[in-house]
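Please keep the sequence and the model in view while reading.

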Amino acid sequence: MTRKKRRLYMLVLALLGLGTATALTLTAFQDNLVFFFSPSDLQTKGAQVKDRSFRLGGLVEDGSVRKQPDGVTVEFRVTDTINTVAVSYRGQLPDLFREGQGVVAEGKLRPDGVFAAREVLAKHDEKYMPPEVTDALKRAGQYKPAEANAAGK
């Protein structure tokens with residue numbers, strides 16, 4: 001075996017090892033990746049997220065929060081002012097959860113089109129809005145900065 005062939009074999013083995021490591025890493029990440037969608041994104045990409053966990057963000061629609069008779073389940077709608085998604089959550093909502101406020105819910109879309117949230121995150125002050133929600137509202141042309149909201153009230 002010539003020196004040139006030995007180098008070539010070493011290079012091929014190194015590339016094969018690097019490719020295997022990359023494939024294993026990407027496979028491990030894919031199981032842990034959680035994508036974010038706005039209600040409008042969900043309308044266009046709903047089939048892609050079937051049976052996958054993802055985050056849904058937007059504003060809690062005014063007048064949509066309803067507590068079920070079991071006392072544990074809460075249903076509400078999340079909107080980006082263009083589209084709306086019904087959300088069902090079983091558990092205690094964060095203290096800052098309110099109608100008209102930004103929210104991010106993590107869970108799965110059920111076959112009936114209701115988003116079954118297993119975790120609900122509410123914004124933590126009146127000026128903060130999750131960046132994903134801000135981006136979704138900007139894309140929908142409905143974004144109003146906190147200062148403009150306060151001045152408009």
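Is glutamate 106 buried or exposed? Glutamate 106 is buried, with a relative accessible area of 10%; buried means under 20% relative accessible area, exposed over 50%, and partly exposed in between, with a 1.4 Å probe and protein chains only. The model is predicted: local features need pLDDT of at least 70, side-chain atom pairs count only at pLDDT 80 or more, and totals for chains, interfaces and linings use all residues. Residues are numbered from 1 along each chain as its sequence is written, and side-chain values use heavy atoms, with hydrogens and water left out.

**Confidence**

- The mean pLDDT of the protein is 84, and 90% of its residues reach 70 or more; pLDDT is the predictor's confidence in each residue, from 0 to 100.
- Over residues 147–153 the pLDDT is below 50, and beyond near neighbours in sequence this stretch has one contact in the model (contact means heavy atoms within 4.5 Å).
- Where pLDDT is low, the predicted coordinates should not be read in detail.

**Salt bridges**

- The whole structure holds six salt bridges, each being a side-chain nitrogen of Lys or Arg within 4 Å of a carboxyl oxygen of Asp or Glu.
- Glutamate 106 forms a salt bridge with arginine 55, with the closest N and O atoms 3.2 Å apart.
- Glutamate 106 lies in strand 6 and arginine 55 in strand 2, so this pair ties together parts that are 51 residues apart in sequence; strands (E, at least two residues) and helices (H or I, at least four) are DSSP runs numbered from the N terminus.
- Glutamate 106 also forms a salt bridge with arginine 118, at 2.8 Å between the closest N and O atoms.
- Arg55, Glu106 and Arg118 are thus linked in a network of salt bridges, in which arginine 55 is partly exposed at 32% and arginine 118 is exposed at 53% relative accessibility.

**Nonpolar core**

- The largest nonpolar core has 19 residues, and those with the most contacts inside it are Leu56, Phe76, Phe115 and Val120; such a core is a set of buried Ala, Val, Leu, Ile, Met, Phe, Trp, Tyr and Cys residues joined through side-chain atoms within 4.5 Å.
- The elements giving two or more residues to this core are strand 2, strand 4 (73–79), strand 5 (84–90), strand 6 (102–109) and strand 7 (115–122).

- Valine 12 is in helix 1 (residues 3–32) and counts as partly exposed at 47% relative accessibility.
- Serine 64 lies in the loop between strand 2 (54–60) and strand 3 (66–67) and is buried, at 3%.
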